[in-house]
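Please look through the structure shown below with this briefing beside it.

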Amino acid sequence: MNILITGCNGQLGNEMQLLEKNYPQHTWFNTDVAELDITSQLAVEQFVAEHQIDGIVNCAAYTAVDKAENDKELCTTLNTVAPSYLAAAVEKRGGFMVQVSTDYVFNGTNHIPYVETDTPCPDSVYGSTKLAGELGVSKFCKRSMIIRTAWLYSTFGNNFVKTMIRLGGEKTELGVIFDQIGTPTYARDLAVAIMAAIEKGIVPGVYHFSNEGVCSWYDFTKAIHRLAGITSCHVRPLHTAEYPTPANRPHYSVLDKTKIKQTYNIEIPYWEDSLAECISKWLETLYNNCK
């Protein structure tokens, strides 16, 4: 198959590229804004037709959650309009689309893990535009797979893990929110799951994916520092009210992964095991770059 990856320079896009060598039977088209403007319907249609694209994995998105509150137009263009263009274009070829979405489609008032049939109720511009993107993709592409994920990190780009390691080295004390509960997701594990779905054959629908287990941002930070060998920074728990942000965050956004595990027969690693793997890889890269 000819498969288009959008947002290839982001966390998930980079992880997808690392896995492509394991699937040489497919031809991969890795694009970011320089190679393909997904906000242009004409550009998308021409690219998909010219390269005879059979499937699209859309890793591109507007992810600056707080900034989105005052940048709704661009956020909507990238998270809602562009995915619909991609979906409509690949539908003309009878192809499939994988759309990556977010736990922010829920407001976080649950007390048990969210399943795919729970009614979305976003409480931010970011969450609302991502939900609208889901609906557009489902409408315009019959073979569409929506994957909601949460707390994404990797060795690539800027993310919470790297920020906490940097701050842990700079500060003697750090306050981190303890009353927002979810699950970190190693982008490499998400990429592996997407590849498994492509290989088995896309079963249309909405799916949830994060690593296994549950923690708070405070617990996450403590684990990051322990695994990175940071001992000189005291991490203290904060209430959400002590750290106000422009966009509301879900207080509870744990995702139930039963559907994706059963549909594609995949096993999902425990969050701390994946975190250890990621940090080890990143520190090794930093060490090699300093040689």
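Glu-242 counts as partly exposed, at 46% relative accessibility, where partly exposed lies between buried (under 20% relative accessible area) and exposed (over 50%), taken with a 1.4 Å probe and protein chains only. This is a predicted model, in which local features need pLDDT of at least 70 and side-chain atom pairs count only at pLDDT 80 or more, while totals for chains, interfaces and linings use all residues. Residues are numbered from 1 along each chain as its sequence is written, and side-chain values use heavy atoms, with hydrogens and water left out.

**Around Glu-242**
- Glu-242 sits in the loop between strand E12 (234-238) and helix H8 (258-264); helices (H or I, at least four residues) and strands (E, at least two) are DSSP runs numbered from the N terminus.
- The side chain of Glu-242 reaches the backbone nitrogen of His-239 at 2.8 Å.
- Glu-242 and Ile-177 are 65 residues apart along the chain, and their C-alpha atoms are separated by 8.4 Å.

**The six-stranded sheet**
- Six strands form an open sheet in the order E2-E1-E3-E4-E5-E10, with parallel pairing, where two strands pair if DSSP finds at least two bridges between them.
- Strand E2 (27-30) and strand E10 (205-208) stand at the edges with a single partner strand each, so one side of each is left without a neighbour in the sheet.
- Strand E3 (residues 55-58) pairs with E4 in the parallel sense over four bridges, and Asn-58 stands opposite Gln-99 in E4.

**Thr-102 in strand E4**
- Thr-102 belongs to strand E4 (residues 96-102) and is buried, with a relative accessible area of 3%.
- A polar atom of the Thr-102 side chain lies 3.0 Å from the backbone nitrogen of Tyr-104.
- Leaving aside neighbours within four places in sequence, Thr-102 is in contact (heavy atoms within 4.5 Å) with Tyr-126, Lys-130, Arg-148 and Thr-149.

**Helix H3**
- Helix H3 (residues 72-91) lies across strand E1 (2-6), E3, E4 and strand E5 (143-149).
- H3 has 20 residues and reaches 27 Å from its first C-alpha to its last, close to the 28 Å expected at 1.5 Å a residue, the expected span being 1.5 Å times one less than the number of residues.
- The buried residues of H3, among them Cys-75, Asn-79 and Leu-86, pack against E1, helix H2 (41-50), E3, E4 and H4.

Methods. Polar contact = N/O pair within 3.5 Å; in protein donor to acceptor, adjacent residues only side chain to side chain. Axes fitted to C-alpha atoms, helices over the stretch in contact; angles between N-to-C directions.
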